[in-house]
Amino acid sequence: SYAELIVPEDRPLVWETVQARLAERQAFQTEYRIRTARGETKWVWEHGKAVYAPDGTALALEGHITDISAQKRDAAALLENAEMTKALLNAPHDIALLIDRHGRILSLSDKAAVHIRRAPDSAIGANAFDFFAAEIVPTRRSRIEQVFTTGQPSRFQDSYDGRHYDTSAYPVFDSRGDVTSAAIFVRDITEAKLSERALREERDFTSAIVDTTRALVMVTDGDG
């Protein structure tokens with residue numbers, strides 16, 4: 001019988017759910033797992049109701065059963081991604097946030113919340129590009145949109161308000177391989193840039209001194 005296809009662990013709950021609704025002469029719906037003839041385990045959603053005789057006796061059940069295995073896999077994948085993303089977003093040195101294709105913030109790190117001066121809960125659902133300086137929005141939007149279009153990571157640098165930033169954007173996929181969101185990591189590299197500039201200026205200064213010294217050596221003989 002069909003009932004024998006239901007995995008043993010799910011049978012008690014299915015029975016209780018259906019019987020409780022029938023006792024109230026109401027339609028029922030329930031989710032459970034079945035094991036197919038090929039040994040595969042599938043999730044199904046069943047919706048049905050009893051067919052009654054004139055005297056009120058339940059004669060049979062009628063309804064439909066839908067395979068929801070794909071939806072269950074997607075939900076599991078999203079949950080797994082959510083846990084992974086939550087850990088990644090709280091990387092100690094980066095401003096990090098998770099956005100959807102339209103730029104809406106789905107999650108963000110504590111450091112990101114401080115950077116945009118918003119409480120984490122109030123930032124959820126806001127558009128991430130609203131918190132960027134206007135002059136860099138077109139470039140950042142374009143580079144992040146490429147992540148959704150190509151499914152490939154993107155990395156770029158930009159500057160505003162005297163600060164320099166290194167941004168990495170990574171696609172987050174669902175179980176079908178579609179990009180559903182992007183994890184954005186922004187690192188302030190201003191100090192590194194300033195150190196590089198100072199080192200370069202020092203190197204250029206030293207090189208200039210060496211060149212000058214060589215010139216003096218070339219025009220000076222042993223007798224002065």
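Before reading off any elements, I note that helices (H or I, at least four residues) and strands (E, at least two) are DSSP runs, numbered from the N terminus. This is a predicted model, where local features need pLDDT of at least 70, side-chain atom pairs count only at pLDDT 80 or more, and totals for chains, interfaces and linings use all residues. Residues are numbered from 1 along each chain as its sequence is written, and side-chain values use heavy atoms, with hydrogens and water left out.

Cavity entry. On a 1 Å grid over the protein atoms alone, a cavity is a set of points where a 1.4 Å probe fits but cannot get out, a pocket is an open set with protein on both sides within 12 Å along at least five of seven lines, and lining residues have an atom within 4 Å of a point. Points join across faces, edges and corners, and a volume is the space filled by probe spheres set on them. I looked for cavities of 30 Å³ or more and found one. The largest cavity holds about 150 Å³. It is lined by 14 residues, with Ile 95, Leu 97, His 115, Ile 116 and Phe 132 closest to its centre. Which element gives the largest share of that lining? I find α3, with three residues.

I get about 300 Å³ for the largest pocket. Its lining has 13 residues, and those closest to the centre are Ala 3, Ile 6, Val 14, Val 18 and Leu 61. Helix α1 gives the largest share, six residues.
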